[in-house]
Amino acid sequence: MKRKIFITVALLCCFTLAFAYFAGIDGKWSGTLTAPDGNEYPLSYTLKADNDKLTGSGQSPQGTVDITDGKMKGDSLSFAIDVNGVKVLNTGKYYTAGDSISLNIDYQGFKMHSTLKRAVDK
């Protein structure tokens, strides 16, 4: 009985990892950004990779903005997004095993960090 449970759990983990790997970075991602003043802001992105080019958009209560200068090289990524006329640089790394993105954000010299997880449609 224990062997059956172990095999079932192992197969479930393999399928989950395979799904994350084959899904790649394409899709919706969300997280929270804590600003230097302590305020928290929701982050929401839709990303699509095409070889070394990264496209997509960022969504907020104010609307949707396209990302620019998007690049992918292996598991590293970078892009910019316009926030009220300010170009915000984003660099990071995509982790297939955890299906997450570690994102470093440079907003007018303020360096911040966030972790994005794949958004679940509700």
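Student: Which residue is the bridge partner of L103 in β8?
Tutor: In this predicted model, the partner of L103 is S114, and S114 lies in strand β8.

Student: What makes β7 and β8 a pair?
Tutor: Two strands pair if there are at least two bridges between them. β7 and β8 are joined by 8 bridges and run antiparallel, so they meet the criterion.

Student: Why is S114 called buried?
Tutor: Buried means under 20% relative accessible area. S114 has 2% relative accessibility, so S114 counts as buried.

Student: What does S114 touch, leaving aside its neighbours within four places in sequence?
Tutor: S114 is in contact with G31, T32, L33, L43, I101, S102 and L103.

Student: How do you know that S114 and T32 make a polar contact?
Tutor: The cut-off for a pair of N or O atoms is 3.5 Å, and one must be able to donate a hydrogen while the other accepts it. The backbone oxygen of T32 is 2.9 Å from a polar atom of the S114 side chain. The distance of 2.9 Å is therefore within the cut-off of 3.5 Å.

Student: What arrangement do the strands form?
Tutor: A closed barrel of 8 strands, in the order β1-β2-β3-β4-β5-β6-β7-β8, with antiparallel pairing. On average, neighbouring strands of this sheet are turned by 30 degrees against each other, direction ignored.

Student: What else is in the chain besides strands?
Tutor: The chain has 1 helix and 8 strands. Along the sequence the pattern is α-β-β-β-β-β-β-β-β.

Student: What makes a group of residues a nonpolar core, and which members of the largest one touch the most others?
Tutor: The members must be buried residues of the listed kinds, such as Leu, Ile and Tyr, joined through side-chain atoms within 4.5 Å. The largest core has 21 residues, and I25, Y45, L47, L54, L77, I101 and L103 touch the most other members. The elements that give two or more residues to this core are β1, β2, β4, β5, β6, β7 and β8.

Student: Which residues does L77 touch, not counting those up to four places away in sequence?
Tutor: Among them are I25, L54, M72, Y94, I101 and L103. L77 also touches K71, N90, T91, G92 and K93.

Student: How many residues has the chain, and what share counts as buried?
Tutor: The chain has 122 residues, and 30% of them count as buried. The chain exposes about 8400 Å², of which carbon and sulfur atoms supply 59%.

Technical notes
Residues numbered from 1 in each chain as written. Predicted model: local features only at pLDDT ≥ 70, side-chain atom pairs only at ≥ 80, totals over all residues. Heavy atoms only, no water. Buried < 20%, exposed > 50% of the residue type's maximum accessible area, 1.4 Å probe, protein only. Helix = DSSP H or I, 4+ residues; strand = E, 2+ residues; numbered from the N terminus. Contact = heavy atoms within 4.5 Å. Axes fitted to C-alpha atoms, helices over the stretch in contact; angles between N-to-C directions. Areas by Shrake-Rupley, 256 points an atom, 1.4 Å probe, with all protein chains shown as cover.
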